[in-house]
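Okay everyone, thanks for coming. Let's have the sequence and the structure up on the screen, and then I'll walk you through a few things.

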Amino acid sequence: LPAGCPGKVWFVGAGPGSEDLLTVRALRVLARADVVLHDALVPAQILRWARAAVLVAVGKRCDRPSAGQRDIDRALVAAARRHASVVRLKGGDPAVFGRLDEEIDALQAAGIPWEVVPGVTAASAAAAAAGQSLTRRGDARRVTIVTPRTGRGQLDNDCWADGLDEHGTVVLYMAGRVAASCAQVLLDRGFGPDVPVVAVRAASLPRQDVRWTTLAGMRSGFFDDGQPVALLIGRALADRRPAAAHRGGPHPARDLAELAAS
Ligand SMILES: C[S@@+](CC[C@H](N)C(=O)[O-])C[C@H]1O[C@@H](n2cnc3c(N)ncnc32)[C@H](O)[C@@H]1O
């Protein structure tokens, strides 16, 4: 790069994990990337689309040692000073629990241009996996994406549930391991014990698992294997178990390379 002329940083949403849920724009940007700084949850099948890029893992995982946010900000700025096209690849959509603002602020302060490429967020992928609508005409006019975790990884007790009620659909992120206590918080806030709950683990991935229950059932918890889990909660959710029994198996378009070659 000419001195004093930085490259551009693309914040790219990698979607929930299956490579065929990447956007075409994400594929184009990845194919041109010189460097990709990626989250821990982004699978290898997606990273291989960045054919010419140096790959740098900077992901943060709950309860595990990982790169600090300041280090990531600095690495982004340093990469953009040396390379024309830098991708910051984030799971799902970069604008949902993705620390996008901190990284944009760092780039702005350094005078580095940037652009966001949206991705399929976990709420959409989980709803699709369970055959659910997140809204329902005449019933649920609101979807709330919320996490019980504060920005520092701790739980905030129950403030996260302020303003929620069972007639909007609630989508809980980063709550797989604390599902039982989250259920209790919602029950204490007046949600009925029979309110439907759908727990979706690893939406769109081969290890995807969908469980239908109620808020009372959620008090026993769900998956505890470190896989990402999205919890859908609300009166508008339907029990789609019978329909789900007829689906399943890998998605026919999962392998994009195969698709492109056919
Ligand atoms: C740090 S947040 C990042 C969210 C991401 N930016 C998005 O838009 O989906 C990570 C949380 O997203 C949810 N998540 C991400 N991928 C998922 C998947 N494939 N299936 C279910 N939940 C997922 C889980 O709740 C996980 O704890």
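Strands here are DSSP runs of E with at least two residues, helices are H or I runs of at least four, both numbered from the N terminus, and two strands pair if DSSP finds at least two bridges between them.

Quick caution: this is a predicted model, where local features need pLDDT of at least 70, side-chain atom pairs count only at pLDDT 80 or more, and totals for chains, interfaces and linings use all residues. Residues are numbered from 1 along each chain as its sequence is written, and side-chain values use heavy atoms, with hydrogens and water left out.

Now zoom out. Five strands make an open sheet, ordered 3-2-4-1-5, with parallel pairing. Strand 3 (54–57) and strand 5 (114–117) sit at the edges with a single partner strand each, so one side of each has no neighbour in the sheet.

Then the polar contacts, meaning pairs of N or O atoms within 3.5 Å. The side chain of Thr121 puts an N or O atom 2.6 Å from a ligand oxygen. For Ala203, a backbone N or O atom is 2.8 Å from a ligand nitrogen.

Terms used. Polar contact = N/O pair within 3.5 Å; in protein donor to acceptor, adjacent residues only side chain to side chain.
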